[in-house]
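User: I am new to this structure and would like to learn how to read its features. Could you walk me through a few of them?

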Amino acid sequence: MTIQEVSRRYGLSADTLRYYERVGLIPPVPRTRGGARDYDGPSLGWVELIKCMRAAGVGIEALSEYCRLFQQGEETVEARKALLVEQRRQLLERMEDMQRSLDRLNEKIENYDQGLARKEREFRGG
């Protein structure tokens, strides 16, 4: 799959895909004889993983470390798991913060809804 096809499929720019490969977030992508990137199944799997992790707020440094550990082989399984567990902990913390913010916004909206209903009753004389 060409870089343009991958770009369209995952909604990432070609520059972003090149950057991810350059900084080690995606292992080197196979190339055609002409030197163009030719994304295969494993490469697409890495793109999907990185896109998912970035959407979850996982930083470039953590992802780069994960990829580096993965490429070192089976002896890094525990270190990779520990990295993912820590990222999950951080994500859960952010989600809790977001839930508190959402609850507060819902409270404020409800206050406005109640105030508008009260004003409408007053306007109608009842």
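Analyst: Happy to! Let's begin on the outside of helix 3, where the face turned away from the buried side carries the exposed residues G41, P42 and A55. Please keep in mind throughout that this is a predicted model.

User: Which residues of helix 3 are buried?

Analyst: The general idea comes from the helical turn. An α-helix has 3.6 residues a turn, so residues three or four places apart point the same way. In this case, S43, L44, W46, V47 and I50 are the buried residues of helix 3. Looking down the axis of helix 3, you find its buried residues within an arc of 155°, so they line one face of the helix.

User: What covers the buried residues of helix 3?

Analyst: The cover includes helix 1 (3-10), helix 2 (14-22) and helix 4 (60-72).

User: How many residues does helix 3 have, and what span does it reach?

Analyst: Helix 3 runs over residues 41-55, which makes 15 residues. From its first C-alpha to its last it reaches 21 Å, close to the 21 Å expected at 1.5 Å a residue. Just after helix 3 comes G57, with a positive phi of about 90°.

User: Which residues of the largest nonpolar core touch the most other members?

Analyst: That core has 23 residues, and the ones touching the most other members are V6, L17, Y20, I26, Y39 and V47. Two or more residues come from each of helix 1, helix 2, helix 3 and helix 4. Helix 4 gives the most, with 6 residues.

User: Now for charges. How many salt bridges are found in the whole structure?

Analyst: The general idea is that side chains of opposite charge can pair when their charged atoms come close. Here a search of the whole structure finds 7 salt bridges. One of them joins D15 and R18, whose closest N and O atoms are 2.8 Å apart. Both residues lie in helix 2, 3 residues apart, about one turn of the helix. D15 is exposed, with a relative accessible area of 57%, while R18 counts as partly exposed at 30%.

User: Where is R37 found, and is R37 buried or exposed?

Analyst: R37 sits in the loop between helix 2 and helix 3. With a relative accessible area of 19%, R37 is buried, and so is E21. R37 forms a salt bridge with E21, the closest N and O atoms being 2.6 Å apart. This pair links distant parts of the chain, since E21 belongs to helix 2 and the two are 16 residues apart. Leaving out residues up to four places away in sequence, R37 also touches others, including M1, T2, I3 and R18.

User: What separates D97 and R100 in helix 5?

Analyst: In helix 5 (residues 77-123), D97 and R100 are 3 residues apart, about one helical turn. Their salt bridge has its closest N and O atoms 2.2 Å apart. D97 counts as partly exposed at 38% relative accessibility, whereas R100 counts as exposed at 51%. There is also a network: salt bridges that share partners join E86, R89 and E93 into one.

Technical notes:
Residues are numbered from 1 along each chain as its sequence is written. This is a predicted model: local features need pLDDT of at least 70, side-chain atom pairs count only at pLDDT 80 or more; totals for chains, interfaces and linings use all residues. Side-chain values use heavy atoms; hydrogens and water are left out. Helices (H or I, at least four residues) and strands (E, at least two) are DSSP runs, numbered from the N terminus. The expected span of a helix is 1.5 Å times one less than its number of residues. Buried means under 20% relative accessible area, exposed over 50%, partly exposed in between (1.4 Å probe, protein chains only). The arc is that of the directions from the helix axis to the C-beta atoms. Contact means heavy atoms within 4.5 Å. A nonpolar core is a set of buried Ala, Val, Leu, Ile, Met, Phe, Trp, Tyr and Cys residues joined through side-chain atoms within 4.5 Å. A salt bridge is a side-chain nitrogen of Lys or Arg within 4 Å of a carboxyl oxygen of Asp or Glu.
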